[in-house]
Amino acid sequence: MSGFELLAVVVFFLIGYWVVDFFWPKRKPAASVIVRVTRRFEASPERVFDAWLDPQSAGKWLFATPTGQMVRVEIDPRTGGKFIFVDRRDGEDVEHTGEYLEMDRPRRLVFTFVVEKFSKQCSRVTVEFAPSDSGCELALAHENVLPEYVGRTEAGWSGVLDGLAVALSPERQ
């Protein structure tokens, strides 16, 4: 094969590759969803905000499961600080990790969130705290949730906020 024939084959191959790449239907990445959960608390926005950053309190309700045992809680409560919660479930450790991106006490808390056991995808959680007549209204938005995890994520955050309500109850003070 001469140099000219080899060049023609390479050019033909590249044109063919481009045509196939251009016209072939591409698989689109799974769309992500935002999960939103709201809850009212009979506690001040400051108290509710602080509960998210206090290892003693947060270890009892944040990422804790009814059948699991929280075996590790580390919180570095500053912008750029990281957290790790390890919940032991049926003898297996499940790590919940993230980094605080924004802290505006007592109005807003934003952090990344990863549970590698279920997905290596990093998501973002925004928690906003607003004063109300009876205490505080919390609005949580979890961005970049995979569609197959929407129901599970909403149920998970609802359970977390149920646990927060128990931790903030007057009997626990």
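1. In this note, a residue is buried when its relative accessible area is under 20% and exposed when it is over 50% (1.4 Å probe, protein chains only). The model is predicted, so local features need pLDDT of at least 70 and side-chain atom pairs count only at pLDDT 80 or more, while totals for chains, interfaces and linings use all residues. Residues are numbered from 1 along each chain as its sequence is written, and side-chain values use heavy atoms, with hydrogens and water left out.

2. The 19 residues of α4 should span 27 Å at 1.5 Å a residue, and the end C-alpha atoms are 27 Å apart, which agrees. The expected span is 1.5 Å times one less than the number of residues.

3. S169 lies in the segment after α4 (150-168). S169 is buried, with a relative accessible area of 14%. Its side chain reaches the backbone oxygen of V166 at 2.7 Å, a polar contact (a pair of N or O atoms within 3.5 Å; within protein, one must be able to donate a hydrogen and the other to accept it, and residues adjacent in sequence count only if both atoms are side-chain atoms).

Note on methods:
Helices (H or I, at least four residues) and strands (E, at least two) are DSSP runs, numbered from the N terminus.
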